[in-house]
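Hi,

Here is the structure I promised to pass on. Please open it alongside this email.

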Amino acid sequence: MNLVGKIFVVVIFVMSLVFMSFAMAVYATQRNWREVVELPPDSPLLGQPGKELGLKFQLVRIEKLNEELRDKMETLNKDVATEKAVKSQALTKLENERDELLKARRDLEAGYADLEKAKRDAVAAMNATQKVAAGYRKELEELRTDILHARQDRDKYFNDVVRLNDELNQAVNEKEQLRKRAEDVNKDLAKAREALRYFDIDENSDYKSKTPPRVDGVVLAVRGAGLIEISIGSDTGLRKGHQLQVYRTSGGSSTYVGRVEVVKTSADRSVCKIDPKFQNSHVMEGDRVASKID
C-alpha cells in the first residue's frame, strides 16, 4: 500500500468519527416539537429539565408584552415629544437668556473696560490731586502760620485800637469838658469885660497896678491902727493894693481928707489902711471914697 492509500484510510477514519459525532448530537438534541410549540402554562411538565412553556404561549405572552411595550413606547414617545417641546421651549428660552447674558456680558465687558479706563484716569487724577493737595497742605500750613501771626498782630492792633479809643474817648470827654469850661470862661470873660466896661477899666491895662476901677463908696467904720471899712468890695473890681481917695461933703462942697490903700476885700466890703503921708484930717464914718475925685 502506497502513501496515497494510507492517506485515504486516515481520512475515511476521521470522517467516520465526524459523522458519528453528528449522529450522536442529532440524537441528543432530538425533541418533541409539539410540546415545544404547544406546551400550556398549566402543564405539569413545566419545571422539568428541558421543559419550557410552549412557543405558542410564549409568542402570545411576547405579543402581549410587545403590545404593552408598544403602548408604553407610544406614551413614552408622547412624553418625549412633550418633553422635547418643553425642552425646545426651555432651550429657546435658555438661548434667549444666553443671548441676553452674552449681550449683558459684552455690556459688562465694555463697562469694565470703561471702568478700567475711568480707574486709570481716576488714579492719574488722584495722583495729580495728591500732588496739588500736598501743595495745598504746604500752603495751608503757611497760611495757618500767617493767620497766627495776623491774629497776634490783630490782637496787638486791637489792644492798641482799644487803648487809642479809650484815649480818644477820654480826649473827647476832656475836650467836651474843656469846651464847656471854655464856654464858662468865655461867659465869665464876657461878664468880666462887661464889669470892666461898667467900671471904666481898660481890659488891656496892667491889673497889678494900684489904679483902681471907677468906684464910689462910703466909710462904714473907722478902726484902730489906721484901718477903715468901706462899702465897696471885689464885686466892683477892687483888690488888694488899690488906692482910693477919701473926701467929705458938706454944704454942697467937697473937702479932701486923704488917701487909703485896700488891704483886704470881700464881695461887698473892703478894709483899707490910711496913708499918713496924704492925710489932711481924720477919716470919719460917712466920708466918701472914690477912685478919683472929680
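Predicted model: local features only at pLDDT ≥ 70, side-chain atom pairs only at ≥ 80, totals over all residues.

Ser270

Ser270 sits in strand 5, which covers residues 270–275. Is Ser270 buried or exposed? It counts as buried, because its relative accessibility is 1% and the cut-off for buried is under 20%. The side chain of Ser270 makes a polar contact: it reaches the backbone oxygen of Ile232 at 2.7 Å.

Thr265

Thr265 belongs to strand 4, residues 253–265. Thr265 is partly exposed, at 30% relative accessible area. Which residues does Thr265 touch, leaving out those up to four places away in sequence? They are Ser234, Leu238, Arg239, Lys240 and Ser270. Glu229 is 36 residues from Thr265 in sequence. In space, their C-alpha atoms are 9.8 Å apart.

Ala225

Ala225 is in the loop between strand 1 (216–222) and strand 2 (227–230). Ala225 is exposed, with a relative accessible area of 75%. Its phi is near 65°, a positive value in a residue other than glycine. Most residues other than glycine have a negative phi.

Best wishes

Definitions and conventions: Residues numbered from 1 in each chain as written. Heavy atoms only, no water. Helix = DSSP H or I, 4+ residues; strand = E, 2+ residues; numbered from the N terminus. Buried < 20%, exposed > 50% of the residue type's maximum accessible area, 1.4 Å probe, protein only. Contact = heavy atoms within 4.5 Å. Polar contact = N/O pair within 3.5 Å; in protein donor to acceptor, adjacent residues only side chain to side chain.
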